[in-house]
Amino acid sequence: MKPSTVLYKDASVPVEIRIDDLLSRMTTHEKVMQLNQYTLGNNNNENNVGEVAGELPAELGSVIYYNDNPDLRNAYQRRCMEESRLGIPCIFGYDMIHGFRTIYPISLGQACSWNVPLVERMTSYAAAEGRMSGVDWTFSPMIDVARDPRWGRVSEGYGEDPYANAAFCAATVRGYQGKSLADSTTIAACLKHYVAYGASEAGRDYVYTEVSPQTLWDTYLPPYKAGVDAGALTLMSSFNDISGIPGSANYYTLTEILKNRWKHKGFVVSDWGSIEQLVNQGNAADKKEAGLRAFNSGLEMDMMSHAYDKYLEELIDEGKVDSVLLDESVRRVLRVKMLLGLFEKPYTGNHPDRFMRPDALSAARQLAAESMVLLKNDSTGILPLDGVGRIAVIGPVAKSSASLQGSWNGRGVYDETVTLYQGILDRFAPEAEIRFAKGSDLDKTTEVELAQAVDTACWADVVILCLGEERRWSGENASRSTIALPEAQLQLAEKIAATGKPVVMLLSSGRPLDLSQMEPLANAIIEVWQPGTAGGAAAADILSGDVNPSGKLAMTFPRSTGQIPIYYNRRGSARRHQGFYQDIPSTPLYPFGHGLSYTTFVYGEPSVSSSTFRKGEKVTVTVPVTNTGLRAGAEAVLWFISDPAASITRPLMELKHFEKRELKPGETTTFKFVIDPMKHLSFPDADGNIILEPGDFKIIVGPHTVNLVME
Ligand code: NOJ
């Protein structure tokens with residue numbers, strides 16, 4: 001056969017024509033196999049205990065690749081290319097959530113940096129490490145808006161705000177997918193978990209979610225729309241039951257919205273086993289029915305349920321699944337493979353120097369430092385540390401590289417992580433003398449350990465108390481009934497505070513914490529999150545003032561677990577000054593957007609191009625911001641809108657724009673928000689129709705509110 005007659009192998013032919021040709025050659029069995037994903041390699045995720053594939057079929061569509069050595073990939077890919085009848089390449093996916101080998105801060109931390117270009121750059125480095133190791137496709141970004149910090153997976157997303165999730169989503173898609181997916185350094189992105197998984201009831205994982213259609217459109221869908229618009233090739237359907245119709249069998253979200261309205265051209269993969277789990281959720285009598293529901297709803301690829309490989313052919317024979325839908329689904333998978341250039345370049349080259357490259361490491365350190373949030377720095381002015389002779393580093397997290405890497409640490413290596421202790425040592429010794437005492441484990445302590453910690457504190461000029469969470473206390477299947485740290489750590493903090501020595505608390509966690517009891521025990525508190533490979537070095541950058549903290553919270557810190565959910569963009573109450581809990585103040589401990597600096601920024605009077613305008617006209621609001629302190633620093637300016645009277649009530653305020661810039665001491669910079677009414681002042685109804693109503697609007701920036709009227 002002349003090469004030109006095998007159209008689907010000819011890269012010069014348009015993709016859709018190649019796919020037509022390939023589909024015309026495929027048997028039903030070959031088509032069905034394209035819609036299945038198994039695993040290859042050694043599964044290192046404790047929540048997905050499944051088969052470790054030995055002999056995989058050569059016709060398989062995809063694997064999750066638990067390895068970072070291209071050799072294993074290439075060996076299996078060779079089977080697909082050479083031993084299957086048509087030589088269709090496999091697509092290799094993996095959970096690269098906040099880095100592959102170089103581990104960056106968790107996504108929640110990244111959001112607190114408000115540095116979109118840096119996050120975009122970081123994801124491009126992660127993509128390169130992954131692709132050069134044999135991964136074509138990452139199951140990231142997770143963009144589930146999350147408002148309940150008991151839910152462990154708040155660590156994986158970008159916080160409580162839809163706009164912030166949307167902005168970081170688009171940036172990560174651009175970073176992962178780059179200019180061309182056929183490059184040897186880019187990978188396909190996967191928006192997950194479609195959709196409303198973040199609404200998990202009481203923060204328990206995998207459970208029912210009560211989501212009204214209005215909330216679906218207001219809160220949960222916007223980040224997905226942003227990701228689809230940015231060109232994300234794939235999505236992952238969610239585990240959760242969305243008010244009666246599970247995410248993995250939801251025709252409205254999977255087909256009506258995603259395919260019909262948003263015109264998404266790639267495919268959707270199920271979450272692990274989420275098709276067979278429709279039976280547990282009461283949506284299907286058995287796995288076969290589950291497969292039928294999922295497939296007919298618009299879910300193309302089965303991750304580890306073995307519902308499609310087992311039953312799809314049977315369902316087609318029985319006339320329950322239409323072969324046109326089968327072709328359409330396979331087309332979507334093949335399209336992604338063609339865009340990735342897998343038909344032309346199925347194998348991964350040898351790049352021995354692909355890990356931890358200098359650019360990646362420096363981005364990891366910068367992003368870690370920018371993600372850290374200075375929650376408190378009292379009038380003793382303990383931070384930044386200056387000329388301190390004796391530093392006591394105390395606490396169970398000080399030498400824990402696992403806590404710093406956090407959950408979903410990809411192929412991260414603990415020994416390559418700079419611990420908090422190491423970072424402090426590298427930065428402050430030998431000028432300062434540094435001693436360490438553990439004081440407690442994460443959840444237990446002894447009198448002896450406490451006494452040693454107190455002795456060490458008494459010797460020191462300042463105590464750096466490193467507290468927080470174990471890496472598996474957040475992430476998947478890691479819900480907690482209280483978000484306060486365990487009693488043992490509180491006991492340690494109390495003993496240290498009682499020494500009267502100045503205390504700087506470094507907190508490493510995958511979620512906002514209840515700090516009501518801890519807060520009075522420290523002069524300064526820095527939330528360092530799970531900051532990744534360079535975490536300790538970045539923490540030392542902040543402690544020393546080499547880097548001025550600029551992180552601001554992307555998720556509210558409640559006063560207590562009982563105050564959950566408490567998020568800034570809630571709707572107004574019928575009685576503004578009543579209805580609160582009797583035993584605590586109505587405000588959170590640290591609100592969304594909170595974050596201190598070593599300098600001060602003053603927001604001058606905003607100016608507006610025109611305070612009255614019509615629907616089609618844009619309005620520009622500017623605000624001068626001055627660094628009035630003595631240190632250079634970066635300020636993230638957050639712009640909110642408020643629509644006080646609408647036919648469908650709106651949140652009290654909604655983030656619509658943000659920008660971060662460096663300001664030298666004394667420098668004034670003007671920040672700008674160009675308001676496009678259709679984009680910024682409109683809202684969806686319960687079926688996603690966009691409504692733009694004339695009337696009063698408020699723009700909130702820093703301490704100022706600007707009144708606008710749309711005629
Ligand atoms: C289950 C998780 O929910 C999902 O986020 C992940 O991508 C898959 N497992 C694959 O590991």
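Tutor: Let me begin with burial: a residue is called buried under 20% relative accessible area, exposed over 50% and partly exposed in between, using a 1.4 Å probe and protein chains only. This is a predicted model, in which local features need pLDDT of at least 70 and side-chain atom pairs count only at pLDDT 80 or more, while totals for chains, interfaces and linings use all residues. Residues are numbered from 1 along each chain as its sequence is written, and side-chain values use heavy atoms, with hydrogens and water left out.

Student: OK, then Ala539: buried or exposed?

Tutor: Ala539 is buried, because its relative accessible area is 1%. Ala539 lies in helix H18, where helices (H or I, at least four residues) and strands (E, at least two) are DSSP runs numbered from the N terminus.

Student: What does Ala539 touch, not counting residues up to four places away in sequence?

Tutor: With contact meaning heavy atoms within 4.5 Å, Ala539 touches Met372, Leu420 and Leu506. Arg427 is 112 residues apart from Ala539 in sequence, and the two are 9.9 Å apart in space, C-alpha to C-alpha.

Student: Switching to His98, where does it lie?

Tutor: His98 lies in the loop between strand E3 (91-94) and helix H4 (107-113), and it counts as buried because its relative accessibility is 1%.

Student: And which backbone oxygen does the side chain of His98 reach at 2.6 Å?

Tutor: That is the backbone oxygen of Tyr104, and a polar atom of the His98 side chain also lies 3.3 Å from the backbone oxygen of Trp408. A polar contact here is a pair of N or O atoms within 3.5 Å; within protein, one must be able to donate a hydrogen and the other to accept it, and residues adjacent in sequence count only if both atoms are side-chain atoms. Leaving aside neighbours within four places in sequence, the residues in contact with His98 include Gln110, Gln405, Ser407 and Asn409.

Student: You mentioned Trp408; what is its phi near?

Tutor: Phi of Trp408 is near 45°, a positive value in a residue other than glycine. Most residues other than glycine have a negative phi, and most peptide bonds are trans. Trp408 is found in the loop between helix H14 (401-405) and helix H15 (420-428), and it counts as buried because its relative accessibility is 12%. Ser243 also has a positive phi, near 50°, and is located in the loop between strand E7 (241-242) and strand E8 (245-246); Ser243 is partly exposed, because its relative accessible area is 30%.

Student: Which peptide bonds are cis, with omega near 0°?

Tutor: One of them is the bond from Ile564 to Pro565, with Pro565 placed in the loop between helix H18 (535-544) and strand E17 (601-603). A cis peptide bond also joins Lys192 and His193, with omega about 0°, and His193 lies in strand E5 (residues 190-194).

Student: Changing topic again, how much space lies in the largest pocket?

Tutor: About 1500 Å³ of space lies in the largest pocket, and of the 50 residues that line it, the closest to its centre are Pro162, Tyr163, Asp218, Pro222 and Lys656. On a 1 Å grid over the protein atoms alone, a cavity is a set of points where a 1.4 Å probe fits but cannot get out, whereas a pocket is an open set with protein on both sides within 12 Å along at least five of seven lines, and lining residues have an atom within 4 Å of a point. Grid points are joined across faces, edges and corners, and a volume is the space filled by probe spheres set on the points.

Student: Which domains does that lining draw at least three residues from?

Tutor: The lining of the largest pocket draws at least three residues from each of domain 1 (34-41 + 50-339) and domain 3 (601-710), the bounds coming from an automatic or database domain assignment. Helix H6 gives the largest share of that lining, 6 residues.

Student: How many cavities of 30 Å³ or more does a search of the whole structure find?

Tutor: The search finds 3. The second largest cavity holds about 60 Å³ of space, and its lining includes Glu30, Arg85 and Ile88.
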